[in-house]
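Welcome! Let us walk through this structure together, starting where two chains meet and then moving into one of them.

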Amino acid sequence: MSANQAVLPKSLPRQAKGALYASHQKAYPRFQNNGNFRRLKWLAMAILFAIYWGFPWLRWDRGPGAPDQAILIDMPGRRAYFFFIEIWPQEVYYLTGLLIIAALGLFFVSALLGRVWCGFACWQTLFTDLFVWVEQFFQGERNARLALDRAPWSAGKLLRKAATQASWLLLSLLSGYGFVLYFDNAPTLTRDLVFGQASLNAYGFMGMIGLFCYLLAGFAREQVCIYMCPYSRFQSAMFDEHSLLVSYEVWRGEPRGHLKGAVQGRNPEDVFAGRGHCVDCRMCVQVCPTGIDIRDGNQLACIGCALCVDACNSVMDRVGLPRGLVSYDSSFNQAARSRGDSSARTRIMRPRVYVYVAVIGLVAAVMVYALGTRKTYDVNVLHERTPVFVELTGNRIRNGYTVKILNMVREEGRYRMALEGLANAGITVIGIDGEGLSAVELGVPPDSVGTYRVFITAPRASLHGKKGDLTVVMTNLSTGKVVRHESFFAGPE
Amino acid sequence: MATNTEKDTVSGQYTTGHEWDGIKELNTPLPRWWVWVFYITIVWAVGYWVVYPSWPTMNGYWAGTFGWHSRTQVVQDLEQAQAAKGVYLSKLKDASLEDIIKDKDLLNFALAGGRSVFNENCAACHGVGGVGAYGFPNLADDQWLWGGTLDDIKTTITYGIRNTNPNSRQSEMPAFGGGDKLNDAQLNDLAEYVLSLSKNGTDPAAAERGRAIFSSNGCDGCHGETGEGNQAVGAPALAAGMWLYKAKEVKAQKAQIISQIQNPKGGVMPSWADRGLDDATIKELAVYVHSLGGGK
């Protein structure tokens, strides 16, 4: 059996033979609150939730008049703030860089460690995990919950169900609340939300995110991972035989079978002579949040949360067998060990790992360069179309322009506008004294766009043909930086 | 009629009994939630009939308990829009044109309003952006027939030109030529002189002969000795070389000038006060036209 074949599923999960459709069966995950991976999941949840609800409260001083929230997407103000970075709407391409890094990062960890993102960090997994814990808190263990759902309605059942739903709704609202904090000043928004003073937008988005949290984590659960999520479909394309995946040691576990008689006091080698180590207790199936059987091999519905590793280890401890019948391991190791070769070790450093690291580094370098050399001021010159040109007395031609100066720093900007490429051209700016000037000084308030209507007049002799090039040369008087904007000057034939 | 229904073992549903080459059709019932949404929409529709206009009656229609009407809705929307503009409009009513230009907010409001009113009422002749057309003055250049100050522009818009309003701007250029006053050769000389005023002449000898015809026929009375024009009577400045009746090619301009001397045309502009624009709107228009680039 080659390593690749070992990871192929033996049969499609949860499908009866001949059926093309399987109706959904509710999973009742057993919430086993011990084991290394369970602790890791709690830790990941604590850190990620602390980030989610905590980061909007971080402050970052940007000077007077500017928001002091470290991470803020200011929709009405058309700005996004991330610590020392401040982004204007036309710079959203920085987000592209972030998304590329996020995607490559996902490929990278998938190649190394399988679906750890799905199992430990995904929002859907975290909230589902928390919701299951709440469910277990009010309704009891897996078996108790199964019995409760079968039982007729009673006051006790109603109370348990109501308490569960109420807690879910509260958590959902909190998730919506955390989301909207990133779009407004967190302390004042919190006060406004509590006292009914916040905008309909804030309540609406809080309600919408909350509603989907409630539906997806409370009811849809593993169906999101299996049927809705696109990442689960392509993450397995990143795996190779050295990727660490949640694996069942087929060579050691099979043929499986229930234990006959007590194990205590007996030598495990006698008990398990002539049979596999799997005692078919189905603990690995019961704890699985997506309700699959890992013993069928690696499969699409496995989110790599490793809860079955904890469950199986606890059983192995009890029957006195070595741990790791279900473990985080590569198929390369599994194949080697099934041959009795225990010296084989998964290679961490593989060509694809180097490639991912190199590409991530490249994109990160490009982003750092782009952010480091980010323009703090820019100029746009829009040539007016109606009229394209106007003929004036004395054989002169006038063109109208709208000049926009983007002052992207938090202090008042002064700029000098001059022209190149058109002989004897004169500038007239509406709202500024003087006509036919060779250069004109324009001011723009801090952190805003200054819009000026500019007329440029030139003798007809200066223009050869219907259209000529014209360059607007804008000098930032405080930094000396020059921006040149190509435009044109039009006239009659 | 399908009679051969049977239970499908895979899905547990009955078939419709239809069969095509061995392919049978399942009779799967609609999902319960879907059916309930359907019932709710029916109930909703009944409520809709009651509160909104719906059924025809013998002598009209059922108006609905809400009393909603699309016409009153429009009136309400218009009132709301008017109220939203109220602050600026009342300021506009009282402010002089010079005050409007100095107040940046009021200026922006007037320019925005003026642009939309211009595009609705004026652009048909003067073009979007006031570029003008053959026989319709360009409002963006620096030449004005009746004056380009804010007050001149406002007067022209309010009363119009050569219309039936007693205050409208009036003037008429007399017809020359037609054989009795000026013959064809004289017309040619006069046109050459007019072209030479803007340094576009091609025949200095003819222009020299035309100078005498220009003064003896009293052209200078309105157009000025050096062709500087007279805005009081709407006489174009011939020396500017900008033609209201502009030929497509420079060479053909002489024919246009001769035609104008023989059979003068004078454009008509309506009085926009008579057409129903109120004073504040006309102020907006005046400020907008003034801003197009030629305002004095």
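Which residue of chain A forms a salt bridge with B:Lys246? The partner is A:Glu391, and the closest N and O atoms of the pair are 2.8 Å apart. Please keep in mind that this is a predicted model. Across the interface of chain A and chain B, 2 salt bridges are found. Between these chains there are also 7 residue pairs in polar contact, counting pairs with both residues at pLDDT 80 or more. On the chain A side, β7 (390–392), β8 (396–407) and β12 (448–459) each supply at least two of the residues that touch chain B. The most comes from β7(A), with 3 residues. Sorted by class, this side of chain A has 5 nonpolar, 3 polar and 4 charged residues.

How big is the meeting place? The size of an interface is often given as the accessible area lost when the parts come together. Here chain A and chain B bury about 980 Å² between them, with 54% of it on carbon and sulfur atoms. To this contact chain A brings 12 residues and chain B brings 16 residues.

Now for chain A itself. You can trace 17 helices and 14 strands in chain A. Its radius of gyration is 33 Å, well over the 23 Å that the globule rule gives for 493 residues, so chain A is more spread out than a compact globule. Along the principal axes, the C-alpha atoms of chain A fill a box of roughly 115 × 60 × 45 Å. Buried residues account for 47% of the 493 residues in chain A.

Side chains of opposite charge can pair when their charged atoms come close. Over all chains, the whole structure holds 35 salt bridges. One of them joins A:Arg38 and A:Asp129, at 2.6 Å from N to O. A:Arg38 sits in helix α2 (residues 36–54) and A:Asp129 in helix α5 (residues 123–139) of chain A, 91 residues apart. A:Arg38 counts as buried because its relative accessibility is 2%, and A:Asp129 counts as buried at 9%.

Another salt bridge pairs A:Arg352 with A:Asp240, with the closest N and O atoms 3.3 Å apart. A:Arg352 lies in helix α17 (residues 351–372) and A:Asp240 in the loop between α11 (231–235) and β4 (245–248) of chain A, so the pair ties together parts that are 112 residues apart in sequence. A:Arg352 is partly exposed, with a relative accessible area of 26%, and A:Asp240 is partly exposed at 21%. Finally, look for A:Arg79, A:Glu86, A:Arg410 and A:Asp447, which are joined into one network by salt bridges that share partners.

Note on methods
Residues are numbered from 1 along each chain as its sequence is written. Chains are lettered from A and ligands numbered from 1 in the order in which they are written. This is a predicted model: local features need pLDDT of at least 70, side-chain atom pairs count only at pLDDT 80 or more; totals for chains, interfaces and linings use all residues. Side-chain values use heavy atoms; hydrogens and water are left out. Contact means heavy atoms within 4.5 Å. Buried area is the accessible area (1.4 Å probe) that two parts lose on being put together, summed over both. A salt bridge is a side-chain nitrogen of Lys or Arg within 4 Å of a carboxyl oxygen of Asp or Glu. A polar contact is a pair of N or O atoms within 3.5 Å; within protein, one must be able to donate a hydrogen and the other to accept it, and residues adjacent in sequence count only if both atoms are side-chain atoms. Helices (H or I, at least four residues) and strands (E, at least two) are DSSP runs, numbered from the N terminus. Ala, Val, Leu, Ile, Met, Phe, Trp, Tyr, Cys and Pro count as nonpolar, Asp, Glu, Lys and Arg as charged, and the others, Gly among them, as polar. The radius of gyration is taken over C-alpha atoms; the globule rule is 2.2 Å times the number of residues to the power 0.38. Buried means under 20% relative accessible area, exposed over 50%, partly exposed in between (1.4 Å probe, protein chains only).
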